[in-house]
Amino acid sequence: MNTPPPSPPGAERTDGSAVQIGALVPLTRPGWVEAGQHLLAGLELAVREVNDGGGIAGRPLELVVRDTAADPQKAAAAVDELARLGVAAVAGEYHSVVARAAAARADALGLPFLCSSAVLDALTEQPTEWVARLAPAQSHGWQIYADFLLGAGHSRIAVAAQPSVYWASGTRILRDHLAPRGGTVIELDMRALTPTAVCDELVDHRATALLLLVGHPEPAVSIVKAVRRDERLANVMTGAPAGQPEFAEWARLLGDDSAAIPFLRYLPERLSPLGARVEAALRERLAEAPSFVAFEGYDTVAVLAGVLRSHGVDRARIAEAWPRVAVEGTRGRIQFSRTPGISVWQWTWAPVQVVDRDPADPERFRIRHAG
């Protein structure tokens, strides 16, 4: 397909050609493919609805999709390519470390980036006008998760962690929030431990909860299986704040062991009429229950379409519009503001829940705590 050249700064086409948005999505391993598929489903559904409603001032909206495969360098290169292709903005991405690379490149190029799902607080090193985010910052969500742990009676909490800026940040947030409240965080380095060895460490440290700060499906699935089969750990709660149990693959791989593992998700207790309509459309599109990530994808396009209709396709005008956004999304009214400690324009906040799969029916979710 021939792609039209970028418009000069401030110029807008009126010839009916498509308004293009770049979409960064993990669609191949080692990316979290199921999360990428849900994110893309939400993006695509919203684009279809925008176009059914007349597009952007009569011009169709078009996604230009690039697979990041959870690779920061690949994501940065994709942002370069999308900028050359003339997209009005870039959207998407699920993995925080990948989104950070994309945000840095978008900032350097002067290309608006609306991040759908990544939560790392420091999405950019310095404050930027070019980047906005829908997902709650990690410090906000994980502090809510820490409050849930304390409320459930857990004060000795082990984290099985792999090396990553994201996991290290999560561990620090948990420790900083729990320590003043009498909680202890015990770090288990998964570079040195097998799942069986993790079980021994939990016994030795008298931990009452184990949090999975590791990749999916492995080693997360093997750790869950080992803990669930160790009679010494019958009263130890396993948790996954990053949301691994949200997706159907988790239940397929673990069966009954997939239940009673609390995780964070970003949905309200009850969906609005818009949310319920989108939920039904996403369910049909995915042939399974949509995750909160699919809603994040839909809301991303809803925001960008609102900005494009009101402010045009010039990149600088899009970036200038972040503080003036007021869009009804599937999970509430979306507006962006400057939040202390957050370097990008932030929706403060999407709804936050701690949920798990019901042991009586792993296909059903139970709300354990709301922030």
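Hi everyone. For today, Ala, Val, Leu, Ile, Met, Phe, Trp, Tyr, Cys and Pro count as nonpolar, Asp, Glu, Lys and Arg as charged, and the others, Gly among them, as polar. This is a predicted model, where local features need pLDDT of at least 70 and side-chain atom pairs count only at pLDDT 80 or more, while totals for chains, interfaces and linings use all residues. Residues are numbered from 1 along each chain as its sequence is written, and side-chain values use heavy atoms, with hydrogens and water left out.

Let's start with the pockets. A pocket here is an open set of points on a 1 Å grid over the protein atoms alone, where a 1.4 Å probe fits, with protein on both sides within 12 Å along at least five of seven lines; a lining residue has an atom within 4 Å of a point. Volume is the space filled by probe spheres set on the points, and the points are joined across faces, edges and corners.

The largest pocket holds about 630 Å³ of space. Its lining has 31 residues, and Trp 32, Tyr 94, His 95, Tyr 166 and Trp 167 lie nearest the centre. Helices α3 (96-109), α5 (165-178) and α10 (292-311) each give at least two residues to the lining of the largest pocket, and α3 has the largest share, with three.

On to the second largest pocket, with about 420 Å³ of space. Of its 19 lining residues, Arg 265, Arg 283, Ala 289, Pro 290 and Phe 365 are the closest to the centre. Two elements, α9 (273-286) and β16 (361-370), supply two or more residues to this lining, and the largest share, three residues, belongs to β16. So what is the class make-up of the lining of the second largest pocket? Nine of the residues are nonpolar, two are polar and eight are charged.

Next, the aromatic rings. Rings of Phe, Tyr and Trp (its six-membered ring) pair if their centres lie within 6.5 Å; planes under 30 degrees apart count as stacked, over 60 as edge-to-face and the rest as tilted. Searching the whole structure gives eight aromatic pairs. Take Tyr 266 and Phe 292: their ring centres are 5.1 Å apart and their planes are at 70 degrees, so this pair is edge-to-face. Tyr 266 sits in the loop between β10 (263-265) and α9, and Phe 292 in helix α10, so the pair ties together parts 26 residues apart in sequence.

I'll call a residue buried when it has under 20% relative accessible area (1.4 Å probe, protein chains only). Tyr 266 counts as buried at 6%, and Phe 292 counts as buried at 3%.

Another edge-to-face pair is Trp 322 with Phe 336, at 5.8 Å centre to centre and 80 degrees between the planes. Trp 322 is in the loop between α11 (315-321) and β11 (327-329), and Phe 336 is in strand β13 (residues 336-337), 14 residues away. Trp 322 and Phe 336 are both buried.

Finally, some backbone details worth checking in your viewer. Which bonds are cis? One joins His 216 and Pro 217, with omega about 5 degrees, and Pro 217 lies in the loop between β8 (209-213) and α7 (220-228). Another runs from Thr 348 to Trp 349, with omega near -10 degrees; Trp 349 is in the loop between β14 (345-347) and β15 (353-358).

Then there are non-glycine residues with positive phi. Ala 69 has a phi of about 50 degrees, lies in the loop between β2 (61-67) and α2 (72-85), and is buried at 8% relative accessible area. Glu 93 has a phi of about 70 degrees, lies in the loop between β3 (89-92) and α3, and is buried at 0%.

Notes. Helices (H or I, at least four residues) and strands (E, at least two) are DSSP runs, numbered from the N terminus. Buried means under 20% relative accessible area, exposed over 50%, partly exposed in between (1.4 Å probe, protein chains only).
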